[in-house]
Amino acid sequence: MNRFTLQFDEIKAAFAADPNPSLEVRLERIARIKQMIEANEDKLCKTLAADFGVRHSIETRLAECQMIYQACKFTSMHLQEWMRPTQREVPIHLGSSQAWVQSQPLGVVGILSPWNYPVQLALVPAIAAIAAGNRVWLKPSERSSRTSGFLANLISEYFHPTEFCVTTGGPDVAEQFSMLPFDHLFFTGSGAIGKKVMRAAAENLTPITLELGGTTPAIIDSSANLREAAKAIIYGKLLNGGQTCIAPDYVLIEENQQEALIQELKSAAQAQFSNPEELTGPIDDRQLHFWQHLVSDALSRGANLIPLLENPKAGARRFEPLAMTNVSADCAILQEEIFGPILPILTIKDTDAAVKFINERPHPLALYWFGKNKKHMQKVLNETLSGGVTINDTLLHITIDDLPFGGVGASGMGKYHGKEGFDTFSHQKSVLDVKGFMGINLFKGTTVARPPYGKKVEWLLRYLK
């Protein structure tokens, strides 16, 4: 029995002692998360900047802290309603019986969180799991080691280890963590690692939620305002240095609009991210080398590179954002999630061609459509499958707490945020309270169906038919 098993048993025992925490207990735990972030916001910003080399505090406050505050507020506002049993319809032959579904905590929830938004993507699922009444054990990414360590210390300060605890470490720790018999395991990261996590969880038949990625398209319709589309795409692509699971991975546009779009992308990039202090750096050398590999591979296959920024301070950034044209279909950059400030631009004939191109690839986590033509918009919505969609902007669907967030197919399974997060970490228990007609036992429940079989059962069969 190793230390992970012992720790898991302690958390499981604590849950058994209080298997259905009250609304007040759940709200107080969520409030502690909010207080923890509020009290340490500045320190978190500095720690994240140290991990990324460059990351502006405003970006951290917007993309990490604000998402947590919002989740705490929305969840606390609606939690009493979510916890309330919901009545269900009962057939008339069951008389005065009543049926309902009640949400029940699962037990101990494991969360494997990624490095790109190491605070938000650790705590937002934790808020949902705590709201559902569970105990939480978090394993953050070793690639954002400073932030992971700081977050672990914070959580140990604000929570008892049997309420919410953190274990840090590398891939070996993640592997052991995935093999624990959690009541639910939640993973955010790459598809390759997601497969390993799923295989490990299968040994215990642990239910799993996978928040993965995939290559996210941005479709620019012929009816779009190119300037506004370019501004939105640049923000979505370069926020966090492109290290965002729902960043646009490539643009689909009709050929006659490509050159105009490129000029608008350059203008938008210069307006938004010319300050080197406001463009987040790669998390580590491994990520930087991956971007360099994607570029060299595309160049070797005939791609054209287009710098998106004029850099008067040469060398101020470790990697210069760029767009690409003439990208061949077999380039690595079209096969893998880019997770960086590189934007391939692909030309298509029309909306039908855009839909066909997207459907020939694994389902993406997000999709962006720009334009005014409602018929074309509906065609894309109806005929493509993606985790979520934002129309005439990027990223924003993830910020709406009342919208479920998650992937489909290769981009993941399961949803969270808001009510869907609460449901993910709850067991929906069906309950039937059997009663007879008018409060008496006449024809109550299975009475009519019991042997010895005779006219009563024949009558019941005819009635049910």
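Q: In this predicted model, how close do the axes of helix 2 (residues 23-39) and helix 5 (residues 120-131) come, and at what angle do they cross?

A: Two packed helices are described by the distance between their axes and the angle between them. Here, the axes of helix 2 and helix 5 come within 9 Å and cross at roughly 160°. Because angles over 145 degrees count as roughly antiparallel, helix 2 is roughly antiparallel to helix 5.

Q: Is the crossing of helix 2 and helix 5 left-handed or right-handed, and which residues meet there?

A: Helix 2 passes helix 5 in a right-handed crossing. From helix 2, the residues R26, R29, I30, I33, M36 and I37 meet L123, I127, I130 and A131 of helix 5. Sorted by class, this contact holds eight nonpolar and two charged residues, with no polar ones.

Q: Now for another pair: how do I describe helix 9 (residues 226-238) and helix 10 (residues 258-273)?

A: Use the angle and the distance between the axes again. The axes of helix 9 and helix 10 come within 8 Å, crossing at roughly 55°, which means that helix 9 is oblique to helix 10. Their crossing is right-handed.

Q: Which residues make the contact between helix 9 and helix 10, and how do they divide by class?

A: Helix 9 contributes L226, R227, A230, K231, I233, I234, Y235 and L238, while helix 10 contributes A260, L261, E264, L265, A268, A269, Q272 and F273. The residues of this contact divide into 12 nonpolar, three charged and one polar.

Methods: Residues numbered from 1 in each chain as written. Predicted model: local features only at pLDDT ≥ 70, side-chain atom pairs only at ≥ 80, totals over all residues. Heavy atoms only, no water. Axes fitted to C-alpha atoms, helices over the stretch in contact; angles between N-to-C directions. Helix = DSSP H or I, 4+ residues; strand = E, 2+ residues; numbered from the N terminus. Parallel < 35°, antiparallel > 145°, perpendicular 65-115°, else oblique. Left-handed = near helix turned anticlockwise from the far one by under 90°. Contact = heavy atoms within 4.5 Å. Nonpolar A, V, L, I, M, F, W, Y, C, P; charged D, E, K, R; others polar.
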